[in-house]
Amino acid sequence: METLIAYFETIPSLHRGLILAGGIAFFWLIESAVPFFKFDYNKWQHAGINIFFTLTTIAINFALAFVLLQTADFVDDKKIGLLQWLPQMNPWLFALLGILLLDFFGAYLAHFVEHKVKFLWRFHLIHHTDTYIDTTSGNRHHPGESVIRFAFTTLGVLVVGSPMWMVFLYQTLSVVSTQFTHANISLPKKLDQIMSYCIVSPDMHKIHHHYKLPYTDSNYGNIFSVWDRLFGTFLYMNREDIRYGIDTHMDPKEHNVLSNLLKIPFQKGRSPKIE
C-alpha cells in the first residue's frame with residue numbers, strides 16, 4: 001500500500017495522460033472488433049467531437065488543479081473531513097472508504113444534481129445528446145459542465161478530508177471506469193448483472209443513456225453502484241431495448257455538430273426534458 005500511495009502522491013502528468021489515452025485506445029480496439037451495437041456512423045468524426053470535449057476537460061482540470069491541491073493540503077493540515085476524524089485503520093480499508101466517499105460527492109451527487117437543476121442540466125445535456133455511445137463518449141462534457149464537476153470534486157475533498165494521493169487514485173479509477181461503462185461492448189448478461197451489485201457495469205450505465213424518462217434519471221453512479229441502490233435510483237431494462245440520445249435533441253444537426261453542442265446550454269425555447 002505504501003508503494004501505491006507514494007506513486008499517486010507524485011504521479012506525473014504524463015502518466016495520467018497515458019492512462020487516459022491508453023484506456024480509450026484499448027476499449028476502442030475491442031469495440032471496433034466486437035461491437036455490441038453496429039452503428040451506421042462515421043466513427044472518426046464522432047470521436048473527433050468527443051475528443052475535443054475530452055481535451056477541454058483536461059485543460060480546465062489542469063488550470064484549476066491548484067485549487068484541488070490547496071484544498072487537499074488544507075484538510076490534511078487542519079485535520080478536517082470525515083476521514084480525518086476516523087480512528088486509525090487498515091490502509092486498504094482507508095483507501096476504499098475514501099474512494100467510495102469521493103465517488104459519492106464527485107460523481108453520484110454531482111450527476112444527480114445536474115439532472116435536477118435546470119440550469120445545470122443545460123450543460124450536462126450535451127453528454128446525453130450522443131446517439132452513438134462508445135468509449136469516447138465518456139468524457140463528452142461541455143466545458144461548463146467540466147467546471148461544475150470540478151467544483152463537486154473539490155467539495156468532496158473538503159467534506160471527505162482526502163489526501164491528494166487519494167484524489168489522484170480516485171480520478172484514475174474514475175477515468176477507467178467511465179471508458180469501460182461507455183464502451184460499445186457487452187459482457188455476458190449474468191456477469192454484467194453480478195458486477196452491477198458492486199460496481200457500475202456497462203449495461204447499468206447504458207440504461208442511463210436511454211433517450212426517455214424515467215431511465216435518463218437513473219443509474220447515476222460512476223465507479224460504485226451502491227449509491228444508486230441505496231438512494232433508489234437504480235433501474236433495469238433489457239439492453240436490446242436501449243435507444244441512445246435524449247428525446248429533445250434527436251436531430252443529427254443538434255447532437256452531432258460541435259458548434260451546436262457548444263451553444264446548447266444557451267439556447268432558448270426548448271424544454272429541458274420531455275417526459
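**Close-up views of a predicted model**

**View 1. One aromatic cluster takes in F104, F105, Y108, F112, Y220, W227 and F231.** The model is predicted: local features need pLDDT of at least 70, side-chain atom pairs count only at pLDDT 80 or more, and totals for chains, interfaces and linings use all residues. Residues are numbered from 1 along each chain as its sequence is written, and side-chain values use heavy atoms, with hydrogens and water left out.

**View 2. F104 and F231 form a tilted pair.** The structure holds 23 aromatic pairs. Ring centres of F104 and F231 lie 5.9 Å apart, with planes at 35 degrees, so the pair counts as tilted. Rings of Phe, Tyr and Trp (its six-membered ring) pair if their centres lie within 6.5 Å; planes under 30 degrees apart are stacked, over 60 edge-to-face, the rest tilted. This pair links distant parts of the chain, 127 residues apart. F104 sits in helix α5 (residues 91-116), F231 in the loop between α11 (226-230) and α12 (252-255). Helices (H or I, at least four residues) are DSSP runs, numbered from the N terminus.

**View 3. W227 stacks with F231.** The centres are 6.3 Å apart, with 20 degrees between the planes. F231 is partly exposed, at 45% relative accessibility. W227 is buried at 11%, and F104 is buried at 15%. Buried means under 20% relative accessible area, exposed over 50%, partly exposed in between (1.4 Å probe, protein chains only).

**View 4. H111 reaches the backbone of Y220.** H111 lies in helix α5. At 4% relative accessibility, H111 is buried.

**View 5. Charges sit over the rings of W28 and Y211.** K43 lies over the face of W28, 4.3 Å from the ring centre. R243 lies over the face of Y211, at 4.7 Å from the ring centre. The criterion: NZ of Lys or CZ of Arg within 6 Å of the ring centre and within 35 degrees of the ring normal.

Methods: Helix = DSSP H or I, 4+ residues; strand = E, 2+ residues; numbered from the N terminus. Polar contact = N/O pair within 3.5 Å; in protein donor to acceptor, adjacent residues only side chain to side chain.
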